[in-house]
Amino acid sequence: MKDLSKVSVKQVEIDSESAGQRIDNYLLRVCKGVPKSHIYRILRSGEVRVNSGRVDATYRLCAGDRMRIPPLRLGTKTAAPKAPKIDLPLLYEDEGLIAANKPAGLAVHGGSGISHGVIEQLRAARPQAKFLELVHRLDRDTSGLLLLAKKRSVLTGMHALIRDGQMDKRYLVLVQGQWPKGKRHVKLKLQRYVTGAGERRVNVDEEGRESHTIFDLERACGAYSLLQAQLKTGRTHQIRVHLAHLGFPIVGDDKYGDFELNKRLAKQGMKRMFLHAWKLAFVHPASGDPLELEAPLPRELEKFMAALK
């Protein structure tokens, strides 16, 4: 997609990859450097036309739509630094989907004081890509499988699978304490809130949203337990809050964990949260073929597990 921020009047024909997207989001994506307020002003004023008619910001584009885009005003702020290219391990790639193995400590997208995340860095590494979007998210401190879509049709198909509970998402997590054998279904209502310091947190609250995780003991490790966590819903910090609420804090969790334990383990070299997105299984929305992906435990987690033995 061409940068449309440096032209006068422009006539654009919408292709199949942009079909279904709201017109405001489309313009924000392709009109680089143009202030958001200006994009909405030209939509309200009718300067943007689709098939010679006026549309509002909520209009969803159709393949073949002809859009008139007026001359655009660039922002006066200094341009943000370009996202650095990233050498991210890829576990799978086809014409519509990428499965990356995200390291802990790397955000999936910019914001909240973070200039660039995985998505911005991958776009920088693939300037020829017409479309590249996150299918889902992982916490910054969580490692493992992260899916990205290279086509809008694949993105909407993947979102439908997630919404309908047709994606099997499993994590490996090490907790403090001796977990009993057998599967355990944890269903709690979770509520998001913001601390006085401006940090996003989650707690168990009857006014919150339903959440469901299935935990199973993978391996007993003395004073610790390695669990397999299967997500049935995808609430913010769901696994972390479920385990903390049950009295089994995740090793290295700096928001909901045992802070004194974390300090001791950090001196032994364990300086991250032991939560890893391990396995994904689903039917590919484009091909219809079943797909199962796995991300091995990172070296630092394997090393810590070996030390426990």
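1. Rings of Phe, Tyr and Trp (for Trp, the six-membered ring) pair if their centres lie within 6.5 Å; planes under 30 degrees apart count as stacked, over 60 as edge-to-face and the rest as tilted. By this rule, ring pairs link Trp-179, Phe-215 and Phe-248 into a cluster. Across the whole structure, the search finds three aromatic pairs.

2. Some ground rules for the numbers. This is a predicted model, in which local features need pLDDT of at least 70 and side-chain atom pairs count only at pLDDT 80 or more, while totals for chains, interfaces and linings use all residues. Residues are numbered from 1 along each chain as its sequence is written, and side-chain values use heavy atoms, with hydrogens and water left out.

3. What kind of pair do Tyr-224 and Phe-304 form? Their ring centres are 6.4 Å apart and the planes stand at 70 degrees, so the pair is edge-to-face. Tyr-224 belongs to strand β13 (residues 224-231) and Phe-304 to helix α7 (residues 299-308), so the contact ties together parts that are 80 residues apart in sequence. Helices (H or I, at least four residues) and strands (E, at least two) are DSSP runs, numbered from the N terminus. Tyr-224 is buried, with a relative accessible area of 13%, and Phe-304 is buried at 9%. Buried means under 20% relative accessible area, exposed over 50%, and partly exposed in between (1.4 Å probe, protein chains only).

4. Strand β13 deserves a point of its own. Eight of its eight residues are buried, so β13 is largely enclosed by the rest of the structure. Tyr-224, Leu-226, Gln-228 and Gln-230 point one way, and Ser-225, Leu-227, Ala-229 and Leu-231 the other way. In a regular strand the side chains alternate between the two faces of the sheet.

5. Strand β13 has antiparallel partners; two strands pair if DSSP finds at least two bridges between them. Eight bridges join β13 to strand β9 (residues 168-176), with Val-175 opposite Ser-225. Eight bridges also join β13 to strand β12 (residues 209-221), where Asp-216 faces Gln-228. β12 and β13 form a hairpin with two residues between them, and Gly-222 in the turn has a positive phi of about 65 degrees.

6. Arg-192 stands opposite Val-202 in β11. Five residues lie between the two strands, and Gly-198 in the turn has a positive phi of about 90 degrees.

7. An open sheet of four strands, with antiparallel pairing, has the order β1-β4-β2-β3. β1 (10-13) and β3 (53-54) are the edge strands, each with a single partner, so one side of each has no neighbour in the sheet. Strand β2 (residues 49-50) pairs with β3 over two bridges, and Arg-49 stands opposite Arg-54 in β3. Helix α1 (residues 23-30) packs on this sheet, touching β1, β2 and β4 (66-69). Contact here means heavy atoms within 4.5 Å. The direction of α1 makes about 60 degrees with that of β4; axes are lines fitted to C-alpha atoms, for helices over the stretch in contact, and angles run from 0 to 180 degrees between N-to-C directions.
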